[in-house]
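These are my notebook entries on what I looked up in this structure.

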Amino acid sequence: MNVLIEKFKEVLYAVLPVTFIVLVLNFTIVPLETHLLLRFLIGALWIIFGLSIFLFGVDIGISPIGNLMGGYLTKTNKVWFVGIAGLILGFFISVAEPDLHILAAQVAFVTSGAISKTSIVVVVSIGIAALLALGLFRIVYNKPLHKLLTVLYLVIFGLALFTSPEFLAVSFDASGATTGAMTVPFILALALGVSSLKKGGKASEEDSFGLVAIASSGAILAVIIMSIISKSDKISGSLQATVSESTSIIGPFFYKLPSMAGEVFLALLPLLVIFLVFNSVSFKLRHRQFVRIMKGLVYTFIGLVLFLTGVNAGFMDVGTTVGYILASTGQPWIVILIGFILGLVVILAEPAVYVLTNQIENVTSGYVKRTAVILFLSIGVGMAVALSMLRITVPAIQLWHYLLPGYLISIIMMYYVPPLFVGIAFDSGGVASGPMTATFVLAFAQGAAEAIEGANVLVDGFGVIAMVAMTPLIALQILGIIFKYKSTKGGLEVND
Amino acid sequence: MTNPSDVQQFELCCAIVNFGTGSKVIHIAKENGITGGTILLGKGTAHSYLLKLLDLAEVRKEIVLMIGPKPATEKTVQVLCQRLQFQKPNHGIAFTMPLSGVFGSRNGYCDNLSESRGVQNTMYKAIFTVVDKGKAEILIEAANKAGARGATIINARGAGSHEYQKLFAMDIEPEKEIVLILAETSAAEPIVNAIRTEMNIDEPGNGILFITDVDQAHGLRR
């Protein structure tokens, strides 16, 4: 039994901080209406159960599929096969990602239909597919990650010169949106499956990371290229940050449940189909292993539905309200400070963070401790939210004022940081911008924008996820530098 | 050659504990005269009907290997048992194995290769089996049927003489699993036989199995 209790405890520590902070806010500066508060607490409960079940599901369902697939692709030893399989996997996984559909709908809305929702979904998916295949090639041909990333980001910034600032925000958000709770664990496992075949511990360790980073840059590229081609760089229209009117406490949960179940099922479907096809063609797992993976997928489904329902029904309205009330106080520093604190604690409850830190511990045999990674990630995300709030309160600051120096610094740092940490850092960018950020933090930012004169909810809302995806790159590379200098005698990368 | 009486007897002390406890084990060992240790990650199996039904019976474990002179390892094992409560189920196990040679340890060296040590009849045996990845489960099932009470799986990599491969630009070493089973000496024989028949281990390419003596073992389920 203590396996269950352990996991439960772990998740409890992840979800309690954010719950605690909101409660403190409630009794001090932001008194919430009773039904909102109760809904928030019930939501937290759903999230705790959902996250526990989801993590088990990833452990025995999603990750094994990724590992098997990665190993199998490589063992065929055929370039065209790896390429085509990478394309197919990348395309179908991202086409089914619920976050991408939300983003695409928003983009279609603000461009007044000049870019249709379907075209955005398809183009982004093609971008991810192409780059996923490229990322797989990188691992099998032993090309260094930092060089590939440098080239990719230089191309992105080169193209970015031709796009409007608004679309820059959209494109960087797309990279965060497509790497959702289901995609990240799978791509992480896929990379591990390929690289764990490698001879020599060091190469195999380093190449376990970085695939998420490469794949998500595909989304940025795709959106930028699309906005250049379609020449639609104006963002018009506006969005109201809304808090649902209903005062029912349980109602929203049951209202959200079916739509969440539908979304998660859709996201899981391509994985399931691909697994079944590959299993009948090549893996030919023994019955027990097959049953276990299927059970894992069922856990993933149940866990993610509970989690997302909890977040959407319980957390979102609270986020908006807190942001709105804080910004209405007219004291910008309060919004920025609370934004920082919320960023610190929200990231703890992000599902993919657990999957990433778990893989880091497994791959490095516990050398890189989970707590260290989470600490730096947390500070990074806190900074991201605080900076975003600053940007909302001071209209003169534009998103690219942050993104350009931020990415420049991370690219330069890559050349001084041990390769293992380059991979970890760039992957954690995609990991940090998961469902928790996309709902709670975004709602908080939109609530604040609503209350501030001259801030546009929609335009300022875009870009928050981009920030959350960017700051971890710097934070975790700093951790890498600390590791490099602290370990006087070490297993990893000291003399590099 | 050193006078045999100067040569200390060295032992390998091995502790298998829940994930996250490994550093604590090394800490305790250092207090008791062992100079260092190596931690590997492994998977253990939990015994619970409910967990088996849910297919959640696999637990992450840490395996700590420590080498030291016999008095130090003996003391370490005792202290570990007390401090980490190995007598309770699922709290971990610790055992020691005699070594025939040690070099590079700060405590000195020992080289018993040439002398035959009169090992007293040991109560336990440690059975190591190296198999291709994915086969550990079948192996453990067979071993459990033959009386084994648990097993630890260590992920590993390695290539037999005929297995070396190059895929694309990368050198490949096939993934392996090492299965460690501790068993009473009387139970070891049937377990080994069960593994040999189940895995066809005597045929080349199906894995290797070796057995070592264990001096002391604590924390095993009776």
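Entry 1, cores. I looked up the largest nonpolar core in this predicted model and found that it has 183 residues. Leu51(A), Val124(A), Val441(A), Ala448(A) and Leu476(A) have the most contacts inside that core. Helix H2 of chain A, residues 34-76, gives the core its largest share, 18 residues. I then listed the contacts of Val441(A), leaving out residues up to four places away in sequence. Val441(A) touches Leu342(A), Gly343(A), Val346(A), Val385(A), Val464(A) and Val468(A). Another core, of 47 residues, lies apart from the largest one; Phe86(B), Ala143(B), Ala148(B) and Ala151(B) are among its residues.

I checked helix H1 (residues 2-27) of chain A against helix H13 (residues 332-346) of chain A: their axes come within 8 Å and cross at roughly 155°. Angles over 145 degrees count as roughly antiparallel, and H1(A) and H13(A) are therefore roughly antiparallel to each other. On the H1(A) side I noted Pro17(A), Val18(A) and Ile21(A), which meet Ile341(A), Leu342(A), Val345(A) and Val346(A) in H13(A). The contact has seven nonpolar residues, with no polar and no charged ones.

I next went through individual pairings. Strand S7 (residues 124-132) of chain B pairs with S11(B) over nine bridges, and Asp132(B) has Lys176(B) as its bridge partner in S11(B). Six bridges join S8(B) to S11(B), residues 175-184; here Ile154(B) has Ile178(B) as its partner. Strands S2 (residues 38-45) and S8 (residues 152-157) of chain B pair over three bridges, with Thr152(B) in S8(B) as the partner of Gly44(B).

Which strands of chain B supply at least two residues each to the side that touches chain A? I recorded S2, S3 (58-69) and S10 (170-172) of chain B. In the contact, 20 residues of chain B meet 20 residues of chain A. The chain B side has twelve nonpolar, three polar and five charged residues.

Definitions and conventions. Residues numbered from 1 in each chain as written. Chains lettered and ligands numbered in written order. Predicted model: local features only at pLDDT ≥ 70, side-chain atom pairs only at ≥ 80, totals over all residues. Axes fitted to C-alpha atoms, helices over the stretch in contact; angles between N-to-C directions. Helix = DSSP H or I, 4+ residues; strand = E, 2+ residues; numbered from the N terminus. Parallel < 35°, antiparallel > 145°, perpendicular 65-115°, else oblique. Contact = placed C-beta atoms within 7 Å. Nonpolar A, V, L, I, M, F, W, Y, C, P; charged D, E, K, R; others polar. Pairing = 2+ DSSP bridges. Core = buried A, V, L, I, M, F, W, Y, C linked by C-beta atoms within 7 Å. Buried ≥ 20, exposed ≤ 12 C-beta atoms within 10 Å, placed from the backbone.
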